[in-house]
Amino acid sequence: MKRLALVATIVLLALVAAVAQGKRPAGTTHSGKAFRFNKVKDGVYHAVGTGSLAVVGNSSIIVNDEDVIVVDDHVSPAAAFVLLEEIKEFTNKPVRTVINTHFHFDHAHGNQIFDPTVQIIGHEFTRRMLLNNSIGMPLYHNYLNGMPMQIEDLRKRIAAESDAAAKAKLQTQLQVTENNFASQKELKPTPPNVTLTTQMSLFRGKREIQIRFLGRGHTAGDVVVYLPNEKVVMTGDFLTAGLSNMSDSFPNEWADSLEALKKIDFDTVLPGHGEAFTDKAKIDYFQAYLRDVWSEVSRLKKQGVSPEEASKRADLTKHKEHLPIQGPGVPLIGVQRIYSLLDGKL
Ligand SMILES: [Zn+2]
């Protein structure tokens with residue numbers, strides 16, 4: 001009898017686990033499509049959020065002969081779950097591989113929804129961060145802690161809004177934020193189960209997929225994904241369509257690491273934020289910005305200026321022609337990072 005009870009318990013536990021695995025995460029509700037899948041080359045798509053669901057970063061989808069590779073999986077379990085649902089609308093091949101370009105929440109917080117048989121590939125540093133304290137880092141900490149206030153603020157604005165169209169828009173924003181918050185509560189940071197330190201290649205039929213670490217920059221472990229036959233490179237936040245955040249960066253090494261990117265033979269960039277682009281001069285513009293932000297913030301620190309004050313005063317407006325810069329100022333989190341680097345704390 002005891003044995004029978006034990007077997008029954010094991011069967012029940014297996015059932016619970018199976019249901020849990022396929023379970024729809026909290027916060028997936030949205031209207032219309034959550035993603036635009038921009039076809040870049042045959043079988044290569046750049047997935048950009050429409051705004052109906054919080055997804056934050058972009059992903060890239062590579063459809064091979066037998067399987068699908070997803071590069072980055074967005075800000076939450078909910079976003080990754082909906083991504084997989086929408087991928088099914090254009091291919092029934094299974095997602096067997098995920099690549100994390102880096103550890104940041106907006107690129108790796110969907111990892112947990114994948115079956116353990118799915119390979120999640122990332123730099124060794126990315127694994128270490130997601131295993132240890134990635135959610136305690138200031139970038140995510142600020143993001144998550146800001147959400148209740150954002151929700152409160154949206155509720156107040158909705159109550160005060162008299163224009164019906166504006167009110168409806170705010171209501172959508174509120175729903176998107178509340179859903180994101182609900183999904184963040186279910187977050188279990190999940191590290192890559194396959195790691196690399198410099199380079200690895202995957203071969204799928206005729207397609208070659210290179211995963212390369214080009215040096216420290218946006219973090220200590222950003223990788224780019226390069227398809228040599230298609231001449232496409234997926235750059236995460238190592239190179240975006242605009243400015244990347246600097247909270248975990250090495251701005252003094254980043255420009256040199258970008259030099260290695262220039263040596264790769266590609267014609268299209270699929271960035272972690274913003275639309276796909278072909279203009280390689282964007283690398284030069286961003287390198288020039290990085291060199292100047294480092295020297296400008298260093299100059300202010302040498303004068304004894306506080307990070308808060310330097311964040312307001314640092315003037316990079318000479319780069320505004322090519323980068324989204326409205327006026328003087330650099331985000332405080334980036335300035336604090338540079339101060340720590342200058343102090344030799346990292
Ligand atoms: Zn990002």
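Here is a short chat about the predicted model shown above.

Modeller: Some ground rules: residues count from 1 along each chain as its sequence is written, and side-chain values use heavy atoms, with hydrogens and water left out. As this is a predicted model, local features need pLDDT of at least 70 and side-chain atom pairs count only at pLDDT 80 or more, while totals for chains, interfaces and linings use all residues.

Biologist: How many helices and strands does the chain have?

Modeller: Helices (H or I, at least four residues) and strands (E, at least two) are DSSP runs, numbered from the N terminus. On that count, the chain has 10 helices and 12 strands.

Biologist: What is the radius of gyration of the chain?

Modeller: That value is taken over C-alpha atoms, and the globule rule is 2.2 Å times the number of residues to the power 0.38. For 346 residues the rule gives 20 Å, and the chain comes close to that, so it is as compact as a globular protein of that length; its radius of gyration is 22 Å.

Biologist: Is Asn58 buried or exposed?

Modeller: Asn58 sits in the loop between strand E2 (44–49) and strand E3 (59–63). Buried means under 20% relative accessible area, exposed over 50%, partly exposed in between (1.4 Å probe, protein chains only). Asn58 has 5% relative accessibility, so it counts as buried.

Biologist: Which residue's backbone oxygen does the Asn58 side chain reach?

Modeller: Contact means heavy atoms within 4.5 Å, and Asn58 touches residues including His46, Asp72 and His107. The side chain also reaches a backbone oxygen at 2.8 Å, and that oxygen belongs to Gly274.

Biologist: Why are H8 and H10 called roughly perpendicular?

Modeller: Two packed helices are described by the angle between their axes and the distance between the axes. Axes are lines fitted to C-alpha atoms, for helices over the stretch in contact, and angles run from 0 to 180 degrees between N-to-C directions. Angles under 35 degrees count as roughly parallel, over 145 as roughly antiparallel, 65 to 115 as roughly perpendicular and the rest as oblique. Helix H8 (residues 281–302) and helix H10 (residues 332–342) have axes 10 Å apart, and they are roughly perpendicular because their angle is about 70°.

Biologist: Which helices do the buried residues of H10 pack against?

Modeller: Buried residues of H10 include Ile333, Val335, Ile338 and Leu341. Val335, Ile338 and Leu341 are also among the H10 residues that make the contact with H8. As a group, the buried residues of H10 pack against helix H5 (138–160), helix H7 (251–262), H8 and helix H9 (307–313).

Key. Polar contact = N/O pair within 3.5 Å; in protein donor to acceptor, adjacent residues only side chain to side chain. Lists of a residue's contacts leave out its neighbours within four places in sequence.
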